[in-house]
Amino acid sequence: VHENVELINKLIILYPKDFDIYIHIDASCNIEIKDIIPVKSIIKKVSCEWGKMSLVYATLELIKEAGNKYDWYHLVSGSCLPLSGFDNLEYPKCYINKSLYLETEYGKLWYGSQWFTLPNIVIDYIINNENEIKTIEKFIPLNNIPDEIVFNTIVMNHFSELVINNNKRFIEMYNIHPRYITKNDKLDGYLFARKVNLEYLD
């Protein structure tokens with residue numbers, strides 16, 4: 001997260017009570033850990049920049065903070081609205097949105113949404129093979145977005161048989177950015193909707 005503490009705190013209380021919530025605060029923003037209502041863990045380690053590897057490493061810090069003790073791991077932004085259907089996930093499937101790949105000397109680099117729902121076997125692999133992230137980084141072409149590549153590539157190259165090509169996020173783009181959801185949007189069948197604002201929640 002990097003902005004809008006009021007929205008973040010309102011969203012936190014909407015999550016299922018049996019969720020453990022882990023938050024990474026962008027180290028370059030002015031939000032402090034004390035500003036956010038208590039959750040399982042809040043860290044502030046990486047200064048994040050859009051389209052850069054810093055977002056990958058912020059995600060990695062969250063993964064390591066949470067460990068591999070949960071069945072499911074949902075990566076969301078600070079403007080994602082939790083919906084329903086969490087009990088209907090098929091373990092141990094990987095819910096990602098992959099779109100295409102590029103052949104490199106590393107192998108296939110898979111592109112897609114950075115938002116994922118992954119089982120603990122994938123998280124365990126990432127924690128125990130984090131050096132693979134640095135290897136992938138070397139082969140990402142300039143002007144590409146690493147956070148849309150790294151984790152999709154790990155999943156597709158090691159767990160492709162478990163992939164469901166649907167990350168169950170409602171996201172509609174306006175130009176190059178996700179638009180804000182409205183009361184008219186049909187959100188059935190999704191785990192999360194992005195983006196939400198305070199006006200929607202009021």
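Predicted model: local features only at pLDDT ≥ 70, side-chain atom pairs only at ≥ 80, totals over all residues.

Residues are numbered from 1 along each chain as its sequence is written, and side-chain values use heavy atoms, with hydrogens and water left out.

**The whole chain**

Switch to a cartoon view, and the secondary structure comes to 6 helices and 13 strands; here helices (H or I, at least four residues) and strands (E, at least two) are DSSP runs, numbered from the N terminus. The radius of gyration is 16 Å, close to the 17 Å that the globule rule gives for 202 residues, so the chain is as compact as a globular protein of that length; this radius is taken over C-alpha atoms, and the rule is 2.2 Å times the number of residues to the power 0.38. Along the principal axes, the C-alpha atoms fill a box of roughly 50 × 40 × 35 Å. Of the 202 residues, 47% count as buried, a word that means under 20% relative accessible area, whereas exposed means over 50% and partly exposed lies in between (1.4 Å probe, protein chains only). Among contacts between residues at least 6 apart in sequence, 63% join residues at least 24 apart, a contact being heavy atoms within 4.5 Å.

**Helix 2**

Next, select residues 53-66, which form helix 2. At 1.5 Å a residue, its 14 residues should span 20 Å, and its end C-alpha atoms are 20 Å apart, which agrees; the expected span is 1.5 Å times one less than the number of residues. Show the side chains, and you can pick out the buried residues of helix 2, among them M53, V56, L60 and I63. What covers the buried residues of this helix includes strand 1 (22-24), strand 2 (41-43) and strand 3, together with helix 3 (120-128), helix 4 (131-139) and helix 5 (150-158).

The buried residues are V150, F151, N152, T153, I154, V155 and M156. Centre the view on N152, which counts as buried at 4% relative accessibility. Leaving aside neighbours within four places in sequence, N152 is in contact with I96, N97, W110, Y111, G112 and S113. If you draw a distance from N152 to F116, the two C-alpha atoms are 8.7 Å apart in space, while the residues are 36 apart in sequence.

For contrast, select K138 in helix 4; K138 is exposed, with a relative accessible area of 68%. Its C-alpha atom is separated by 37 Å from that of N9, 129 residues away along the chain.

Apart from neighbours within four places in sequence, S79 is in contact with L7, L11, A193, R194, K195 and V196.

Two of these contacts, R194 and K195, are joined by a cis peptide bond, with omega about 10°, and K195 lies in the loop between strand 13 (192-194) and helix 6 (198-201). Another cis peptide bond runs from Y91 to P92, with omega near 0°; look for P92 in the loop between strand 4 and strand 5 (94-96).

**Two asparagines with positive phi**

Finish with N4, which has a positive phi of about 60° although it is not a glycine, and which sits in the segment before helix 1 (5-12). N4 is partly exposed, with a relative accessible area of 37%. N175 also has a positive phi of about 60° without being a glycine; find N175 in the loop between strand 11 (173-174) and strand 12 (177-178), where it is exposed, with a relative accessible area of 66%.
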